[in-house]
Amino acid sequence: MNALTEPALLASAAPADAPRLSNAHLDALEEETIFVLREVAAAFERPALLFSGGKDSLVMLRCAEKAFGRGRIPYPLLMIDTGHNFPEVTDFRDFRAQELGAQLIVRSVEDSMARGTVRLAHPGESRNVHQSVTLLEAIDEFRFDALIGGARRDEEKARAKERIFSHRDSFGQWQPKAQRPELWTLFNTRLAPGEHFRVFPISNWTELDVWQYIERERIELPSLYYAHPREVVERRGLLVPVTPLTPVREGEAAETRTVRFRTVGDITCTCPVESPAATPAEIVIETLAADVSERGATRMDDKTSEASMEKRKKDGYF
C-alpha cells in the first residue's frame, strides 16, 4: 500500500481537545488521481468512467471535475444496472451526472437477460455477478478501450493484486500473472485489437482516505451512507435489509435497527452495518476502529470463498 495512505495523528493545540486526524496526505492522493484521469484522456481514444452513484465513484468524479472542469469531462459515465439497485443511489447518480453536464450511459442486466446472454439459475439468484456479461456487451457496443473504475486495494485481496492500469485481453479477461510493470509512474497503455484497460485512479486510497476526502470536499452522497432506521434480519453474520427482493425467511425475525451502508450495490447482496454515524466526521472516527474490510462486512456474494472476487475478475468483472 502506498505510504501516502497512512495518515498521521496530530495533537490539537488545545490540551482539552482529543487528537485529530491529519488529512494533509489527501493532497498527494488527489494529485495522483487527477494525473491518472488526465493520462487516460491523453492515451486512449474511447475511454469511459464507471459511475454507480456510490461514494468511491463520487470521489473519483470530484477529481475528474477538478482535472477538467465542470461540463468538460472528456469521457462518458457508464453504469451497469442490475435492475436491483437501491433507488436512492440511481436517483442520485442521475442528479449528479446532470449537475456536471456529463453524458450518462446506462446498460441493464435485464436487457442481457432479454437477449438470452444472461440466464439465471433461479429467479432469486443475485444478478451482481452477471454484470460482467452486460459490461462486456457495452464495451463491444461502444468500442471502449479504457474503463475507469473506483476500486481500491484495501477492499479485497484480489483488488490488491491489480495494477492501476489493468490490462484485459480480447475476451475481457484479467490475467494476474501477465500484468505489466508500473515503474516510476510510467504506464504501458499499448493495446492489441479487441483489448482494453481497466484503470483504477483511487487504487492507493483506503476507505478512511475516501471518508476524509468526502468530509474535506463536502461531497454529497446518497442518504443510505448515513445512519437511518431500517428493518433487517441477521443472516450468515450479516444484517440483511428486508425488501421485496430479500424477504424474511422462515424461522427469521425482523427487527428495526439504526444502520448505514459502507458500500452500495445490488440489493440482493449488499448489507448495512449497525452504526449511529450520521456525518462524514463521525464515519471517519468509526472507520478508524473498523477491523473488517468494507466488502467483508457488507457483501454476501464475497462470502462464498476467498477467491470469489478473483474468479469474477478473470471473467470480466470490475
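Select Gly69 to begin the tour: just after helix H2, this residue takes a positive phi of about 100 degrees. Helices here are DSSP runs of H or I with at least four residues, strands are runs of E with at least two, and both are numbered from the N terminus. The model is predicted, so local features need pLDDT of at least 70 and side-chain atom pairs count only at pLDDT 80 or more, while totals for chains, interfaces and linings use all residues. Residues are numbered from 1 along each chain as its sequence is written, and side-chain values use heavy atoms, with hydrogens and water left out.

Next, select residues 55–68, which form helix H2. Its 14 residues reach 20 Å from the first C-alpha to the last, close to the 20 Å expected at 1.5 Å a residue; the expected span is 1.5 Å times one less than the number of residues. Is this helix enclosed or open, and why? Helix H2 is largely enclosed by the rest of the structure because 13 of its 14 residues are buried. Buried means under 20% relative accessible area, exposed means over 50%, and partly exposed lies in between (1.4 Å probe, protein chains only).

Now display the side chains of Arg70 and Glu65, which meet in a salt bridge at 3.1 Å, N to O. A salt bridge is a side-chain nitrogen of Lys or Arg within 4 Å of a carboxyl oxygen of Asp or Glu. Arg70 counts as partly exposed because its relative accessibility is 49%, whereas Glu65, at 15%, counts as buried.

Move on to Arg262 and Glu207, whose side chains form a salt bridge at 2.6 Å, N to O. This pair links distant parts of the chain, 55 residues apart: Arg262 lies in the loop between strand E11 (255–260) and strand E12 (273–274), and Glu207 lies in helix H7 (residues 207–217). Both Arg262 and Glu207 are buried.

Leaving aside neighbours within four places in sequence, Thr287 is in contact (heavy atoms within 4.5 Å) with Glu207, Leu208, Trp211 and Arg260. Thr287 counts as buried, because its relative accessibility is 11%.

Finally, select Leu186, in the loop between strand E7 (165–168) and strand E8 (196–199). Is Leu186 buried or exposed? Leu186 counts as exposed because its relative accessibility is 57%.

Of its 318 residues, 52% count as buried.
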